[in-house]
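My plan is to look things up one by one and write down what I find.

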Amino acid sequence: MTLAHFDGRALKIKRETRQVSRWHHWGRQAGSRFCPDCLAETKGRWKLSWRLGWMFACLDHNRLLAEACSQCGQMPWKRLHQQRYVPEPGVCAFPGQRDEADRRHQRCGYRLSEVASIELGCGHTLLTAQKLLTEIAENDSAEFGIYASTPQRISALEALADLRALSSRLLADAADSGLAIVLPHDTREIYEGVKGSLPEAVGAVPARRSLTAPVQAIGIAAALQVLGQADFHAAGRELRNLVAAADPSETLKRLTGFHRMHGITPLLSAVQLTAQEPMLRPSDQLRYRLPAFLPSRPSPRGGLADQRVHKIPSCFWPGWSVLLSPPQGAYTRTFRPCLSASLALVGTQDDLRA
């Protein structure tokens with residue numbers, strides 16, 4: 001009956017205060033979206049899952065969830081119900097006009113089953129995305145796209161953290177990018193309807209209150225389009241297409257902004273690095289280990305990087321130099337020291353002079 005059912009899988013509950021941590025995975029301490037059709041069928045019965053911050057669609061009625069009363073404009077369940085009033089299921093209980101007779105605020109009283117919401121077709125991309133998020137939370141693991149090819153298990157909390165970070169960054173860069181062009185056809189009309197509520201400045205993370213159900217759904221659909229690819233290189237290409245600009249330097253600037261994503265898995269970090277690959281110098285591609293199975297950021301100075309430098313000869317090993325030499329040949333006096341320096345660059349922050 002409580003959100004403790006999802007604790008550790010889809011949200012985090014602060015045990016000392018018995019409240020949802022709103023800083024994790026779209027956590028919401030108060031307020032709830034709702035499906036008007038479900039309320040009409042059940043005479044006002046509220047679903048527990050509607051209170052989850054990443055729920056944006058009803059899979060029973062194929063529509064986006066509503067999130068505000070049509071009369072007072074307030075989200076239901078933002079306040080505890082006052083004991084002086086008898087609860088009325090399915091009716092907005094937000095304080096409305098003040099009654100001068102008893103000097104108390106009357107309830108709004110609008111029937112939430114009459115609130116309009118966006119209807120989606122059967123098999124819609126956003127419904128597929130919502131079904132996938134629900135399966136991740138219920139199974140407490142992510143086994144799709146780039147997560148399916150990794151040997152380690154990715155928990156629901158980790159996958160939802162990646163989705164939250166990536167969708168927020170994509171929405172921040174969606175204002176003047178071609179997001180409508182690369183999104184699936186069935187989501188473009190919804191995107192055009194919410195485009196005006198997206199942040200105008202590229203690089204500005206959307207405010208929490210601006211994440212309405214349609215906006216959040218568009219962001220998650222775009223994020224799943226990236227994370228749903230079979231490998232890191234395909235995911236990197238998809239991410240690069242989503243934020244591509246006419247000026248390549250502007251595209252690199254946007255991709256660099258993804259460095260500010262916090263609390264993400266190494267898998268999403270590898271996707272972000274792979275997206276930059278064509279725009280990086282060969283030396284930087286070596287630093288980020290881009291040809292490897294899991295690209296990663298350079299480690300700080302010291303440790304294994306310094307140990308590796310002392311084990312590499314000044315001139316690369318002759319046998320490996322022959323194997324790595326181009327078919328047309330190379331000057332060994334130049335080629336072998338360059339190979340040694342290249343190997344020393346991998347995963348380090350050292351410059352070429354060092």
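**Entry 1**

I looked up Leu166 to begin. Leaving out residues up to four places away in sequence, I found that Leu166 touches Ala223, Val226, Leu227, Leu239, Phe258, Met261 and Leu268. I note that this is a predicted model.

Next I asked which residues have the most contacts inside the largest nonpolar core. They are Phe56, Leu166, Leu170 and Leu239. That core has 78 residues. Helix 6 gives the most to this core, with 11 residues. I wrote the general rule beside it: in soluble globular proteins, nonpolar side chains tend to be buried together.

**Entry 2: helix 6**

Helix 6 came up, so I checked how enclosed it is. I found 15 of its 15 residues buried, so helix 6 is largely enclosed by the rest of the structure.

I then checked the length of helix 6. At 1.5 Å a residue, its 15 residues should span 21 Å. The C-alpha atoms at its ends are 21 Å apart, which agrees.

**Entry 3: helix 6 against helix 7**

At what angle do helix 6 and helix 7 pack? I read about 145 degrees, with the axes 7 Å apart. Helix 6 covers residues 213-227, and helix 7 covers residues 232-242.

I listed the residues that meet. From helix 6 they are Ala222, Gln225 and Val226. From helix 7 they are Ala235, Glu238, Leu239 and Leu242. By class, this contact has 5 nonpolar, 1 polar and 1 charged residues.

**Entry 4: Gln272**

Gln272 is in helix 9, residues 266-275. Is Gln272 buried or exposed? Its relative accessible area is 1%, so Gln272 is buried. Buried means under 20%.

I looked up its contacts too, again not counting residues up to four places away in sequence. Gln272 touches Leu239, Leu255, Thr256, Phe258, His259 and Arg297.

**Entry 5: salt bridges**

How many salt bridges does the structure hold? I found 9. I looked at some of them.

- Arg15 and Asp7 meet through their side chains, at 2.6 Å from N to O. Arg15 is exposed, with a relative accessible area of 60%. Asp7 is partly exposed, at 22%.
- Arg33 and Glu67 meet in a salt bridge at 3.4 Å, N to O. Arg33 lies in the loop between strand 2 and helix 1, and Glu67 in the loop between strand 4 and strand 5, so the pair ties together parts that are 34 residues apart in sequence. Arg33 and Glu67 are both buried.
- Arg281 pairs with Asp284, and their closest N and O atoms are 3.4 Å apart. Arg281 is exposed at 55% relative accessible area, whereas Asp284 is buried at 16%.

I also noted a network: Asp37, Arg63 and Glu119 are joined by salt bridges that share partners.

**Entry 6: Arg287**

I found Arg287 in helix 10, residues 282-287. Arg287 counts as buried, at 12% relative accessibility.

How far apart are the C-alpha atoms of Arg287 and Gln349? They are separated by 7.1 Å, and the two residues are 62 residues apart along the chain. I checked the contacts of Arg287, leaving aside neighbours within four places in sequence. Among them are Ser296, Pro298, Leu345, Val346, Gln349 and Leu352.

**Entry 7: Ser321**

Ser321 lies in helix 12, residues 318-324. Ser321 counts as buried, at 6% relative accessibility. Beyond its neighbours within four places in sequence, Ser321 is in contact with Phe316, Phe335, Arg336 and Leu339.

**Entry 8: positive phi**

I noted the background before I looked. Most residues other than glycine have a negative phi.

Arg18 is not a glycine, yet its phi is positive, about 55 degrees. Arg18 lies in the loop between strand 1 and strand 2. Arg18 is exposed, at 74% relative accessibility.

Arg289 also has a positive phi of about 55 degrees although it is not a glycine. I found Arg289 in the loop between helix 10 and helix 11. Arg289 is partly exposed, with a relative accessible area of 35%.

Notes:
Residues are numbered from 1 along each chain as its sequence is written. This is a predicted model: local features need pLDDT of at least 70, side-chain atom pairs count only at pLDDT 80 or more; totals for chains, interfaces and linings use all residues. Side-chain values use heavy atoms; hydrogens and water are left out. Axes are lines fitted to C-alpha atoms, for helices over the stretch in contact, and angles run from 0 to 180 degrees between N-to-C directions. Helices (H or I, at least four residues) and strands (E, at least two) are DSSP runs, numbered from the N terminus. Contact means heavy atoms within 4.5 Å. Ala, Val, Leu, Ile, Met, Phe, Trp, Tyr, Cys and Pro count as nonpolar, Asp, Glu, Lys and Arg as charged, and the others, Gly among them, as polar. A nonpolar core is a set of buried Ala, Val, Leu, Ile, Met, Phe, Trp, Tyr and Cys residues joined through side-chain atoms within 4.5 Å. Buried means under 20% relative accessible area, exposed over 50%, partly exposed in between (1.4 Å probe, protein chains only). A salt bridge is a side-chain nitrogen of Lys or Arg within 4 Å of a carboxyl oxygen of Asp or Glu. The expected span of a helix is 1.5 Å times one less than its number of residues.
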